[in-house]
Structures are given as C-alpha cells and as structure tokens.
Amino acid sequence: MTLALLLATTGCTLNRFDQRRVYHLAHPLAVSDEAFGRSLSAFGFELVGGNRAEIYNNGDAIFDAMIAAIGGARVSVNLESYIFSDDSAGRPVAAALMDAARRGVEVRVLVDGTGSKFSGPMLERMRHAGVRTAVYHALGLRYLHKIVSRTHRKILVVDGTSSFTGGFGIGERWLGDAREPAEWRDIMVGATGPVSAQMQAVFSEDWTYTTGEVLAGETFYPPQQPAGDVAGQAIAVSRGDASSRAAMLYYVAIESARRSILIQNAYFVPGRQLRDALAKAAKRGVDVRLMVPGRHMDQPLVAMTMRRHYGSLLRAGVRILEYDRTMMHNKDAVIDGVFTTIGSINFDPRSLHENAEESLAFYDRGLGERLEAVFADDARYCREISLADWQRRGFRSRMGEAFAGLFRPFY
C-alpha cells in the first residue's frame with residue numbers, strides 16, 4: 001500500500017500540463033521605446049499610471065512597513081504568503097492583523113499548505129480574533145494529487161489602494177538587515193495607486209479558488225486616486241496558463257534591452273531560451289549582470305544546477321556575481337534603467353510554469369535608477385565569477401552539477 005501511494009504521488013509530481021514554453025519576438029523594439037511600455041499589457045494587466053512606488057530593503061524595513069500599513073487599514077486587509085511562520089517574525093504580523101479585525105476591518109489571510117504547514121495554531125488564534133483564514137491546498141490525502149500546485153505569491157493589499165510584494169516570507173530568517181548569515185537579504189516594493197486594484201484581483205483569484213467567496217465592491221475595489229506619476233502593472237502566473245506570462249515578459253525584455261540588464265534572483269535556473277537570450281544580449285554589447293546567492297545558498301542542489309550553466313553565459317560576456325554576505329533571496333530586475341520587476345518569481349521551472357506567482361512591473365526611469373543603486377550597493381558584498389574560475393572547478397563539483405541537473409524539473 002505504501003509503495004502504491006508513493007508511485008501515485010510520484011506520477012502526479014511528474015505530470016506536466018500543456019503549456020507553451022518557447023517564444024519568438026517578431027518585431028524587436030527598444031525598452032526605451034514608448035511602444036515597449038504600451039506592449040506590456042500583453043504580459044499581465046494593463047499598464048496604468050498614477051502610482052507611487054517605494055523600495056524596502058531587508059526585514060527591518062519590510063516588516064515595519066507591512067505592520068504600519070495594516071495598522072492604518074480602514075476597511076480591508078488581504079494577505080497571501082507562501083510562508084507565514086508562527087515565530088518571532090510571524091507573531092507581530094498576526095497581532096497587527098488581529099488588532100485590525102477587532103476594530104472592524106475585514107481581514108483575510110491565505111497561506112500555502114506546503115510553505116506554511118506548521119502555521120495551524122497561529123491561524124486558529126487569528127480566526128478566534130475575527131480574521132478570515134484559508135489554506136491553499138492544505139496537506140493531506142484530499143490534495144495529494146495537487147502537491148506540486150502551490151501559491152508562492154507574497155501579497156499584501158490594504159484598503160484596495162496600497163499593495164506590497166517581493167521575495168520575502170513571513171519568518172525569522174527574514175528578520176534584521178542582512179548583517180550576517182542568520183538575516184536573509186531580500187527586497188519588497190510598496191505601491192499606492194491604481195496598480196493596487198490589480199494586486200487585489202490577483203489575491204482574489206486565489207481566495208475565490210480556495211474558499212468560493214467572491215470579493216467585490218468598494219471594500220476591495222474603491223475608486224482609485226492618483227498617488228504619483230509611476231506607471232505599473234501586476235504580472236500574475238498560474239499553473240493552468242496556456243503560456244507563461246513571466247517567461248514571455250522576461251524574454252521580450254531581455255531581447256529588447258539596449259544598454260543594461262541587472263538581475264537579482266535567488267534561484268536562477270532558467271530554460272535554454274532565456275539563457276540564450278541573455279548570452280545574445282551580452283554579445284550585442286548590453287551590460288548583462290546576474291547576482292545570485294553565493295556560499296550561503298540555502299538550496300545546494302539548486303546552487304549546483306545554477307553553476308552548471310555558468311560557462312555559456314560567461315563565454316558570451318555575461319557577468320555573474322555571487323552574493324556572499326548572507327543568503328540573497330531577491331527576485332528583481334531592471335532593464336535599461338527604465339523597466340523594473342519586483343515580486344515572487346524565481347528564474348526556475350517551478351516559478352515560471354507551475355506555481356501561482358506574481359510580480360509588480362514598473363515603467364519609470366526614477367524607480368529604475370533606484371533599483372540600479374540597490375544592485376550596486378549589493379555588489380559590494382559579491383564575488384565575481386570569471387570564466388577561469390568556473391573552468392578550474394574540480395571533478396567533485398562537476399559531478400555534483402551533473403547529479404543536481406537530474407532534479408531540475410522539481411526546482
């Protein structure tokens with residue numbers, strides 16, 4: 001019986017749905033071309049102006065901003081997180097959510113059954129305080145066949161007008177300011193304005209799927225007032241999509257780059273098309289720099305798989321920086337100093353094609369310059385990998401990379 005169950009689970013895990021994974025760009029254009037901005041609607045929601053956007057670096061800034069936003073909520077708070085731990089990071093957030101519910105705010109919390117598998121007691125405390133909670137594909141026999149279908153989204157929407165996303169989870173490893181290995185490096189963006197209605201819609205998609213409750217009305221979608229001059233859009237990725245909006249977006253942005261591509265990503269295991277696009281960009285003179293975790297990487301198999309593909313990128317002129325201060329968990333990019341993305345999406349098969357994921361994308365030079373400054377500051381804690389370094393790696397490293405590559409579909 002145990003063997004049969006294991007085989008059934010493995011079969012479900014290996015099952016792949018039919019999704020387009022190779023793309024072609026018939027009419028390349030420059031990122032700086034206004035037509036690029038207008039074309040972004042093909043990869044997500046409509047690009048909308050009138051937003052204000054702020055970047056928050058590391059846990060001290062991230063959690064303070066989230067808790068302050070929850071504390072100022074008047075009508076609704078919607079939070080979705082892959083990881084929401086019952087620990088010294090999660091409990092203050094839970095307390096803010098419970099306080100909001102007690103003062104009459106409608107509060108909803110959605111967590112993933114795999115990422116937050118030990119959060120049950122905390123969710124129960126929140127329910128008693130009036131918070132409406134739900135678990136996306138809770139672990140158990142009922143959802144065994146859906147174990148690979150997860151929500152990796154990290155969303156906070158307050159009053160339908162302010163929203164936050166990034167790579168962060170709500171857990172102790174994200175506390176602090178990335179000063180030492182116990183404090184992870186991560187980033188969050190907060191947006192106020194019309195783009196928050198799109199983030200509300202992304203949350204609502206998973207909430208309705210999980211609970212059946214449809215979220216509508218001014219509690220969730222109030223009239224939007226301009227809050228700034230930044231154009232932005234939400235990018236949503238779902239397992240059942242006919243094409244991966246994230247893969248398309250990255251491919252088109254990389255193909256359209258003329259000056260620079262700066263990518264920070266925790267789990268950089270893209271398919272051949274995206275690797276080839278980056279190499280092609282470097283060969284045509286684009287400054288392509290990738291920042292990935294170094295010696296504090298939390299997933300050794302992923303680290304070995306990443307390094308397996310360094311050679312083709314380095315030969316093309318791509319610069320690879322390994323962040324060595326602590327574990328770097330960022331998922332952000334800035335192209336030609338004007339197009340930026342910050343969110344939950346990794347450059348790996350699971351994020352690009354299987355998980356429920358999201359990012360906020362912006363088309364704004366001022367924000368692009370701020371994110372370029374973040375990259376430059378983080379580069380101080382990096383070791384650059386040269387082609388000679390990569391070629392000198394030993395036999396054990398090469399064997400480990402080959403072995404790790406066998407598990408690539410599961411990352």
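Author: Asp276 is found in helix α8, which covers residues 272-283, and the setting is a predicted model. Because its relative accessibility is 43%, Asp276 counts as partly exposed, a value that falls between the 20% under which a residue is called buried and the 50% over which it is called exposed.

From Trp184 to Tyr323 the count is 139 residues in sequence, while the distance in space is 11 Å, C-alpha to C-alpha. Leaving aside residues up to four places away in sequence, Trp184 touches Asn58, Arg173, Trp174, Ala178, Asp298, Thr326, Met327 and His329.

Leu47 gives another example, this one from the loop between α2 (34-39) and β1 (48-57). Leu47 and Phe362 are 315 residues apart in sequence, and their C-alpha atoms are 8.2 Å apart in space. With residues up to four places away in sequence again left out, the residues that Leu47 touches are Gly37, Leu40, Ser41, Ala231, Gly232, Gln233 and Tyr363. For the protein chain taken as a whole, residues 24 or more positions apart account for 82% of the contacts that have a separation of 6 or more.

The helices deserve a similar reading. Helix α4, residues 90-102, has 13 residues that should span 18 Å at 1.5 Å a residue, and because its end C-alpha atoms are 18 Å apart, the model agrees with that expectation. Buried in α4 are Gly90, Val93, Ala94, Ala96, Leu97, Met98, Ala100 and Ala101, and the buried residues of this helix pack against α3 (58-71), β2 (76-81), β3 (106-112) and α5 (120-128). After α4 comes Gly104, with a positive phi near 100°.

Helix α6, residues 195-211, is built from 17 residues and reaches 24 Å from its first C-alpha to its last, close to the 24 Å expected at 1.5 Å a residue. Its buried residues are Val195, Ser196, Gln198, Met199, Gln200, Val202, Phe203, Ser204, Asp206 and Trp207. Just after α6, Gly212 adopts a positive phi of about 85°.

Helix α7, residues 245-256, has 12 residues and reaches 16 Å between its first and last C-alpha, close to the 16 Å expected at 1.5 Å a residue. This helix is mostly covered, with 11 of its 12 residues buried; the buried set consists of Ala246, Ala247, Met248, Leu249, Tyr250, Tyr251, Val252, Ala253, Ile254, Glu255 and Ser256.

The backbone angles in two of the loops also call for attention. Most residues other than glycine have a negative phi. His137, although it is not a glycine, has a positive phi of about 50°, and its place is in the loop between β4 (132-136) and β5 (155-158). Since its relative accessibility is 8%, His137 counts as buried. Asp336, likewise not a glycine, has a positive phi of about 55° and lies in the loop between β12 (331-335) and β13 (339-343). At 6% relative accessibility, Asp336 therefore counts as buried.

These parts belong to a protein chain with 14 helices and 15 strands. For 411 residues a compact globule would have a radius of gyration near 22 Å, and because the chain has 21 Å, it agrees with that rule. Taken along the principal axes, its C-alpha atoms fill a box of roughly 60 × 60 × 45 Å. As for charge, the chain has 49 positive and 46 negative charges, whose mean positions are 7 Å apart.

Technical notes:
Residues numbered from 1 in each chain as written. Predicted model: local features only at pLDDT ≥ 70, side-chain atom pairs only at ≥ 80, totals over all residues. Heavy atoms only, no water. Helix = DSSP H or I, 4+ residues; strand = E, 2+ residues; numbered from the N terminus. Expected span 1.5 Å × (residues − 1). Buried < 20%, exposed > 50% of the residue type's maximum accessible area, 1.4 Å probe, protein only. Rg over C-alpha atoms; globule rule 2.2 N^0.38 Å. Contact = heavy atoms within 4.5 Å. Lys, Arg positive; Asp, Glu negative; His and termini not counted. Charge placed at Lys NZ, Arg CZ, Asp CG, Glu CD.
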